[in-house]
Structure formats: structure tokens, C-alpha cells
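The following note sets out points for a colleague examining this model. Please read the numbered points alongside the sequence and the coordinates.

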Amino acid sequence: MIESAIEALSIVLDPSRILFMCLGIGLGIVVGLLPGLGGTVGMSLLLPFVFGMDPFVGMALLIGMVAVVHTGDTFPSILLGIPGSSGSQATIMDGFPLAKKGEASRAMGAALFCSMIGGVIGGVALYLAIPIAAPLITSFNSPVLFMLTMLGLSMAGLLAGDSPAKGALSGLMGLMIGSVGSAPAITEYRYTFDFLYLSNGLSLPVVALAIFAFPILITMLTHKGSVAEANHLKGGILKGVGDALKNKFLIMRSAVLGSLIGFIPGLGGSVVDWLAYGAGKKTLRNNQFGEGDIRGVIAPESANNAKEGGALIPTLLFGIPGSGTTAILLGGLILMGLETGPRMLTTDLSLTLSIVWTLVIANIIGAILCMTLVKPISKLSLIPGEKLVPFLTILLLIGTYQSNFAWGDIIAFIAIGLLGYIMTILDWPRPPLLIGFVLAISAERYYWISIERYGWEWLSNPIVITIGVLIVILLTGGSIMKKISKNLQKEGV
């Protein structure tokens, strides 16, 4: 394992792969600091470009972005008082009050340093999970893989916030969209309506771009003007780093919590920061959380980057995406000809370990880069949304068209994009739709293989029954944790 890790490090340090990782880091920081975008939009923008890429290069680009999105979103949270993404909501509670006091640089220094440490701990968690998961996952057969797919689909309810029914319906819509085209088990075409374009099904990049990025364009056009005035950056970045070092046990505890929460599919960024913030508020003495306590920045920022390493465990090893970002990452693996599961621990072990190294290195580079460029980068977060729309529109259309080089891609992008915008208006969750779309073909394939090989006897398989019970536990337990997070959020406000 150690020899494989050293070999993977040498692969990651190849100049061409370092270049693409740095490109992903730069894009991740920009996506993070622009309010309203977030990791799902950023990943969907990159997805069309990884098609056919060398897997090591493509994953360097994607993981580079994943690693630092929650580093970049610290800027709008602290400087503007608005979340750059769902994972930075709790940072606002004390980060923005500190900025108002003229200590924005201090808050930024602490947040960026904690993001870096949290990201490294998340990478270590992913590395430690590999030898534990290896003997288990290599013994999986088609019924178990089908149940794991069902586990991923069942997470739709958890991603729906307060409305599991909406999440389930959104996931079912994703399954329907994913079933367009030829069936995997029989020679039959479904929902093509005699259009040749639909015979091969809809492209993952088109669906991902449409469902996440298209609604953002409309939102940027309707909300004109700069969201806030610039805050003066005072207080000292190094002072914030010193504050973080004084609270090293809080960093470690919050990062471990973030890794564990990230490992549970369906919880994700909107929960982990509030749980870490609430745990700090309840356990730290003489705290002034909500009034500009630096520890109220340290706790959530340590957790939200650490969760990325935890979230990659079920995504890479079991093919269970627990969020929109990891669903797109799973799609990226498919576009590069890779398959999650046993192969990631045998044939593609070097790629899996390269992801660990990329996650760690990208977090370090991203945090140092942000600390160096705090003042100029903070100005970018004040760009009015409507000025970004032309650039983003061109980028989206290019990315959409190059999926199949067909005009049908543009039509599908607009149609599904309008569906995504209607879902935002009606407050329906969109990540479950993408998860349903990504897992549709796998679920159907594993189901038919299980029926043909084992009939209905596979339902009595102990592992199948265990996963079924786990689905029920996670759904009920996840709902309880979301309620706890919501109560903590109310208390924080």
C-alpha cells in the first residue's frame, strides 16, 4: 500500500498533471468566491472537457476544483455576509461580524488555514478507508451492487431538506430522463418519440449543465447590481493563523466530524458546517458565537473541507454519490471510461491513490494561494452578476455542444434548463434528479443481471438484507440529523 502510494505521488507530480490540477484549483477558487455558483455548477462546467481525457489528468482537474471550492467560498461568506455555497452558511455567523469590526483579514487567515488542515485530514481519511474497504468491496456480486445503487437513489430524500417526497419525485424524474434511449437489457428504445438524437440517450454533461448552471444564469439576470460594498481588510492574516493554532483541538475535532458526516451519503455540505458550529457552541467555554468569535469561524471551516475526503469514500468505492457535486464527479469517471467499485481498489488503485494525493496537495496550494491574494481576490466577489452572464453563457453553450456536436444538445440544454429553473422556483431539490440520472442505467443493468442469474433468491442474501436495513436507518437517521442541524441554525440566528 505504501509503495503504491509513493508511485501515485510520482504520477501526480508529473508537470502536465500538476498544470491541470492548478487549473482546477484556480477555477475552484473563482467558482467558490462568486456567490450562487458552488461546486455543482463548477463541476458541471468542467464535465464536457474531461471526455476522453487521460484519467489521471482529468481527475487532477476535477479533484483540484472539488478540493478548493469550499476554500474560495470563504470570501463572500466573510466579506459580504452571503454564503458562497451551502457549505459556508455557518461561517457567516461570526465571520461577517468580524469583518464589520475591521478584522476581515484575521477571519480570512483563520478560515483559510483551517480549510487547508481540514482538507488534508479528509484526504487522510480517504486513504485510511481504502485497506478497510478493499476486502469487502471486491467480494460484491450483482445483487449487492444493485442494492448499493438503490442506496444511492434512496439518498434523494435526504438531499431534499424538509421535503423527502419532493426529493423522491426529483430522483424519479432523473431515472426517467436517464432511461431515454436504448435499454441496457433488451433491444428496445424508450421515450425517443422517433427522434434520432434521442436514440443514444441524453448526455450527462448536457443534463448537469442544464439542471444546475442554466437556472443560475436567469437568477443573475434578475438580481442586478453588486450584492454588497467592499469591506476593509484589516486585522492581519497571520493573526488569524495564530488563532487557529491556539485552537488545534477544535480543528481536529471538527475535521474528524466533517469526514464522518461526509461519509454518510445524502447529508453533505448544508449540514456539516452547522453540526460543527453547533458542537463548538455547546462545548466551548466563554464563547460569544454569533458576535464575532473567531472560534465560530474555525469550527465550520475545518469541517466543510474535511467532508470532501469523506464524501469520496462512498462515491469511489461503492458508486454512491451523496450530493450533486459527487454525482457529477461520478459522471466524470464514466466519461473517462472508469468504473467505480472493485476496480478502484485493484486495477485502478494507482488512480484512487492519486486522488488522495491530489486532494491533499490541492488543499495546501489553494489555501496558500488564497492567503497570498486575499485583497485582489476579494474584489472579484463584488462583480455584478449580470456582467458574468455573457461569459458564462458562451462557456455553457460550448460545453453543451461539444458533448455530441449536435444541435439537439442545445435544445435539450434549454428544455432541461427550464425544468431546472421551474424546480428552483417551486423549491424542489435538483441534486436528486442528477443522482437518479447518473444511476439509472447501472440500476437497471444490475437488476436484470441479478434476476437472470439468481431469480428472486438474491433477495434472501444477507448482505442484500443488511443494505436494505441500512437504507432505512440512514433515511430515518439522516432526517433526524437534518432537524438537529435546522434547530442549531435557528439558535445561531
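Predicted model: local features only at pLDDT ≥ 70, side-chain atom pairs only at ≥ 80, totals over all residues.

1. Helix α4 (residues 55-72) contains 18 residues, and its first and last C-alpha atoms lie 25 Å apart, close to the 26 Å expected at 1.5 Å a residue. That expected span is 1.5 Å times one less than the number of residues in the helix. Helices here are DSSP runs of H or I with at least four residues, strands are runs of E with at least two, and both are numbered from the N terminus. Because 18 of the 18 residues of α4 are buried, this helix is largely enclosed by the rest of the structure. Buried denotes under 20% relative accessible area, exposed over 50%, and partly exposed the range in between, with a 1.4 Å probe and protein chains only.

2. Residues are numbered from 1 along each chain as its sequence is written, and side-chain values use heavy atoms, with hydrogens and water left out.

3. The secondary structure of the protein chain amounts to 21 helices and 2 strands. Of its 493 residues, 58% count as buried. Among contacts between residues at least 6 apart in sequence, 81% join residues at least 24 apart; contact means heavy atoms within 4.5 Å.

4. Rings of Phe, Tyr and Trp (its six-membered ring) pair if their centres lie within 6.5 Å; planes under 30 degrees apart count as stacked, over 60 as edge-to-face and the rest as tilted. The rings of F214 and F413 have centres 5.6 Å apart and planes at 85°, so this pair is edge-to-face. The pair links distant parts of the chain, with F214 in helix α10 (residues 204-222) and F413 in helix α19 (residues 407-425), 199 residues apart. Both F214 and F413 are buried.

5. Y447 and W448 also form an edge-to-face pair, because their ring centres are 5.8 Å apart and their planes stand at 75°. Y447 is partly exposed at 26% relative accessibility, and W448 is partly exposed at 34%. Together with F146 and W458, Y447 and W448 make up one aromatic cluster.

6. Helix α8 (142-154) has 13 residues, which should span 18 Å at 1.5 Å a residue; its end C-alpha atoms are 18 Å apart, in agreement. The helix is mostly covered, with 12 of its 13 residues buried, including F146. S142 lies in α8 and is buried at 6% relative accessibility. Leaving aside neighbours within four places in sequence, S142 is in contact with Y446, I449, S450, R453 and Y454.

7. Which elements give two or more residues to the lining of the second largest pocket? This pocket has a volume of about 1,100 Å³. On a 1 Å grid over the protein atoms alone, a pocket is an open set of points where a 1.4 Å probe fits, with protein on both sides within 12 Å along at least five of seven lines; lining residues have an atom within 4 Å of a point. The volume is the space filled by probe spheres set on the points, which are joined across faces, edges and corners. Of the 41 lining residues, L204, I334, V438, I441 and R445 are the closest to the centre. The elements in question are α8, α9 (164-178), α10, α15 (324-335) and α20 (431-454), and α20 gives the most, with 7 residues.

8. By class, the lining of this second largest pocket has 25 nonpolar, 14 polar and 2 charged residues. Ala, Val, Leu, Ile, Met, Phe, Trp, Tyr, Cys and Pro count as nonpolar, Asp, Glu, Lys and Arg as charged, and the others, Gly among them, as polar.

9. F193, in the loop between β2 and α10, has a positive phi near 55° although it is a residue other than glycine. F193 is exposed, with 64% relative accessible area. D427, in the loop between α19 and α20, likewise is not a glycine and has a positive phi of about 60°; D427 is exposed at 60% relative accessibility.

10. T192 lies in the loop between β2 (189-190) and α10, and counts as buried at 14% relative accessibility. Not counting residues up to four places away in sequence, T192 touches G181, L198 and S199.
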